[in-house]
Amino acid sequence: MYLSNELAYVIRDGFPVTVLHSLVIPFRHAQDYFSLTTQEIIACDELIRQARTTLLSEDASIQGFNIGVNNGAAAGQTIFHCHLHLIPGASVI
């Protein structure tokens with residue numbers, strides 16, 4: 001999956017937590033979420049919603065999503081370019 005808009009893009013995570021785990025990444029270098037402009041936040045949100053729709057169409061077993069952002073080393077951030085995680089989850093039976 002590759003989606004994009006003027007300010008950000010979506011790719012699959014190279015180290016996924018679940019199948020289809022995706023990342024929303026702003027084009028402009030910003031160290032963390034709190035460094036994004038309002039326009040970049042809106043652009044990222046639009047892509048999260050588009051990616052959700054795409055992922056649901058790819059995998060009918062998806063029952064929900066986690067959206068996560070690590071801000072700073074103490075919060076688990078290891079790549080210091082802002083990125084948002086969209087992590088699909090399936091119900092466990």
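Two rings of Phe, Tyr or Trp make a pair if their centres lie within 6.5 Å. With that rule, Tyr 2, Tyr 9 and Phe 27 are linked by ring pairs into a cluster. The model here is a predicted one, and its protein chain has one helix and five strands. Here's a quick tour, from the overall fold down to a handful of residues.

**Fold and overall shape**
- Reading from the N terminus, the order of elements in the protein chain is β-β-β-α-β-β.
- The protein chain is as compact as a globular protein of that length, because its radius of gyration of 13 Å is close to the 12 Å that the globule rule gives for 93 residues.
- If you want a box for the C-alpha atoms, roughly 40 × 30 × 20 Å along the principal axes will do.
- Take the contacts in the protein chain between residues at least 6 apart in sequence: 56% of them join residues at least 24 apart.

**Surface and charge**
- Buried residues make up 34% of the 93 in the protein chain.
- About 5600 Å² of the protein chain is accessible surface, and carbon and sulfur atoms account for 58% of that.

**Aromatic rings**
- The ring rule gives a count of three aromatic pairs.
- One of the pairs is Tyr 33 with Phe 34, an edge-to-face arrangement with 5.8 Å from centre to centre and 85° between the planes.
- The edge-to-face label follows because planes over 60 degrees apart count that way.
- Tyr 33 is partly exposed at 28% relative accessibility, while Phe 34 has a relative accessible area of 66% and is exposed.

**The S2–S3 loop**
- Leu 20 belongs to the loop between strand S2 (8-12) and strand S3 (22-26), and His 21 is in the loop between S2 and S3 as well.
- Most residues other than glycine have a negative phi.
- Leu 20 isn't a glycine, yet its phi is positive, at about 75°.
- The relative accessibility of Leu 20 is 15%, so this residue counts as buried.
- His 21 is buried too, with a relative accessible area of 2%.
- Beyond its neighbours within four places in sequence, His 21 touches Arg 12, Asp 13, Phe 15 and Pro 16, and also His 85, Leu 86, Ile 87 and Pro 88.

**Ile 87 in strand S5**
- Ile 87 sits in strand S5, which covers residues 84-90.
- With a relative accessibility of 15%, Ile 87 falls under the 20% cut-off and therefore counts as buried.
- Again setting aside neighbours within four places in sequence, Ile 87 is in contact with Val 17, Thr 18 and His 21, plus Gly 64, Phe 65 and Asn 66.
- Gly 64 is 23 residues from Ile 87 in sequence, and the C-alpha to C-alpha distance of the two is 8.5 Å.

**Ser 57 in helix H1**
- Ser 57 is part of helix H1, which spans residues 38-58.
- Ser 57 is exposed, as its relative accessible area is 62%.
- Ser 57 and Leu 84 are 27 residues apart along the chain, and their C-alpha atoms are 21 Å from each other.

Technical notes
Residues are numbered from 1 along each chain as its sequence is written. This is a predicted model: local features need pLDDT of at least 70, side-chain atom pairs count only at pLDDT 80 or more; totals for chains, interfaces and linings use all residues. Side-chain values use heavy atoms; hydrogens and water are left out. Helices (H or I, at least four residues) and strands (E, at least two) are DSSP runs, numbered from the N terminus. The radius of gyration is taken over C-alpha atoms; the globule rule is 2.2 Å times the number of residues to the power 0.38. Buried means under 20% relative accessible area, exposed over 50%, partly exposed in between (1.4 Å probe, protein chains only). Contact means heavy atoms within 4.5 Å. Accessible areas come from the Shrake-Rupley method with a 1.4 Å probe; for residues, only the protein chains shown count as cover. Rings of Phe, Tyr and Trp (its six-membered ring) pair if their centres lie within 6.5 Å; planes under 30 degrees apart count as stacked, over 60 as edge-to-face and the rest as tilted.
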